[in-house]
Amino acid sequence: MKKWLPVVMACLLSACSSSGSDSKTYYQLPLPQAGVQSTASQGSRLLWVEQVSIPDYLAGNGVVYQTSDVQYVIANNNLWASPLDQQLRTTLVANLSNQLPGWVVASQPLGSDQDTLNVNVSGFHGRYDGTVVVSGEWLLNHQGQLIKHPFHIEVKQQQDGYDAMVKVLAQAWSQEAASIAQSINRLP
C-alpha cells in the first residue's frame, strides 16, 4: 500500500493542477434594461433586423484579441456562451426597440410593409493597446430606398481582462445601435 501512495498523490496533484489551467469562462453580451414595450398598432412602423453577419475569425467560440497590427489571437478558454452573431442581433433588436418609440423592431419578418436592416460586423475585438474595436457597415432598406452607412468605434478599456473587454465591447455595440436609431429617426 505504501508503494502506491506516491503514485496516488501524484495523480491527485496533477488532476488539481490541470483542471485549473483548463477552466473555461463563457461570456454573454448584456441586454439593455427593458424600456418602452412596442405593440403593433395601425400607426406603427416596422423594422426587421434581418441579419448581423460576422467574418470567420469572429465566428468561432473564442473571444478575439488583436496582439499586433497584423496578428489576432482567438482565446481557447475565454469563450462566447452562444454564437456571437446571434448575441449581436439579439442585443441590437433590444437596443433599437428601446430607442425607437413608435416602431416595432423584431428579428423575424413583420410583413410586407417593413423596413429591413442588415449589419455586417467586420471588427468586434480587443486590441493590444487597451482599446476595443467595433466596426463594419449597415444597410437599411427603407421603403425601397437603400441607405448604407459604415461605422468604426474605438473605446479605451479602463480595466484589464476579458470581463472588462466584453463589457466595453457591449458598450460600443450599444453606442452603434444608438447611432443607427438616430439615423432611422431622421427618416421621413
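The model is predicted, and the protein chain in it has four helices and eight strands. When the chain is read along its sequence, these elements follow the pattern α-β-β-α-β-β-α-β-β-β-β-α.

- Helix α3 covers residues 84–99 and helix α4 covers residues 162–185, and their axes come within 9 Å of each other while crossing at roughly 50°.
- The crossing in which α3 passes α4 is right-handed.
- On the side of α3, the contact is made by Leu-88, Thr-91, Leu-92, Asn-95, Leu-96 and Gln-99, while α4 contributes Trp-173, Ser-174, Ala-177, Ala-178, Ile-180, Ala-181 and Asn-185.
- Sorted by class, the residues in this contact of α3 with α4 are eight nonpolar and five polar ones, with no charged residues.

**The largest nonpolar core**

- The largest nonpolar core holds 41 residues, and the members that touch the most other members are Leu-92, Leu-96, Leu-117, Phe-124 and Trp-173.
- Two or more residues of this core come from each of the strands β2 (45–53), β3 (62–66), β5 (103–106), β6 (115–127), β7 (131–142) and β8 (145–156), and also from each of the helices α3 and α4.
- Helix α4 gives the largest share of this core, namely eleven residues.
- Leaving out residues up to four places away in sequence, Leu-117 touches Leu-47, Trp-48, Val-49, Glu-50, Gln-51, Leu-92, Leu-96, Trp-138, Leu-139, Leu-140 and Ile-180.
- Leu-92 and Leu-96, which are among the residues touched by Leu-117, also belong to the α3 side of the contact with α4.

**Residues in helices**

- Gln-87 is placed in helix α3, and this residue counts as buried because its relative accessible area is 2%, where the cut-off for buried is under 20%.
- Apart from neighbours within four places in sequence, Gln-87 is in contact with Tyr-27, Gln-28, Leu-29, Trp-80, Ala-81 and Ser-82.
- Although Gln-87 and Pro-30 are 57 residues apart along the chain, their C-alpha atoms are separated by 9.0 Å.
- Asp-163 lies in helix α4, and with a relative accessibility of 45% this residue counts as partly exposed.
- Asp-163 and Tyr-27 are 136 residues apart in sequence, yet in space they are 7.9 Å apart, C-alpha to C-alpha.

**A residue in a strand**

- His-149 lies in strand β8, and its relative accessibility of 33% makes this residue partly exposed.
- When neighbours within four places in sequence are left aside, His-149 is in contact with Glu-137 and Trp-138.
- The C-alpha atoms of His-149 and Trp-138 are separated by 5.4 Å, and the two residues are eleven residues apart along the chain.

**Residues in loops**

- Gln-143 sits in the loop between β7 and β8, and its phi is near 50°, which is a positive value in a residue other than glycine.
- Gln-143 counts as exposed because its relative accessibility is 63%, and the cut-off for exposed is over 50%.
- Gly-102 has its place in the loop between α3 and β5, and with a relative accessible area of 45% this glycine is partly exposed.
- Gly-102 and Arg-45 are 57 residues apart in sequence, whereas in space they are 6.4 Å apart, C-alpha to C-alpha.

Note on methods
Residues are numbered from 1 along each chain as its sequence is written. This is a predicted model: local features need pLDDT of at least 70, side-chain atom pairs count only at pLDDT 80 or more; totals for chains, interfaces and linings use all residues. Side-chain values use heavy atoms; hydrogens and water are left out. Axes are lines fitted to C-alpha atoms, for helices over the stretch in contact, and angles run from 0 to 180 degrees between N-to-C directions. A crossing is left-handed if the near helix is turned anticlockwise from the far one by less than a right angle, and right-handed if clockwise. Contact means heavy atoms within 4.5 Å. Ala, Val, Leu, Ile, Met, Phe, Trp, Tyr, Cys and Pro count as nonpolar, Asp, Glu, Lys and Arg as charged, and the others, Gly among them, as polar. A nonpolar core is a set of buried Ala, Val, Leu, Ile, Met, Phe, Trp, Tyr and Cys residues joined through side-chain atoms within 4.5 Å. Buried means under 20% relative accessible area, exposed over 50%, partly exposed in between (1.4 Å probe, protein chains only).
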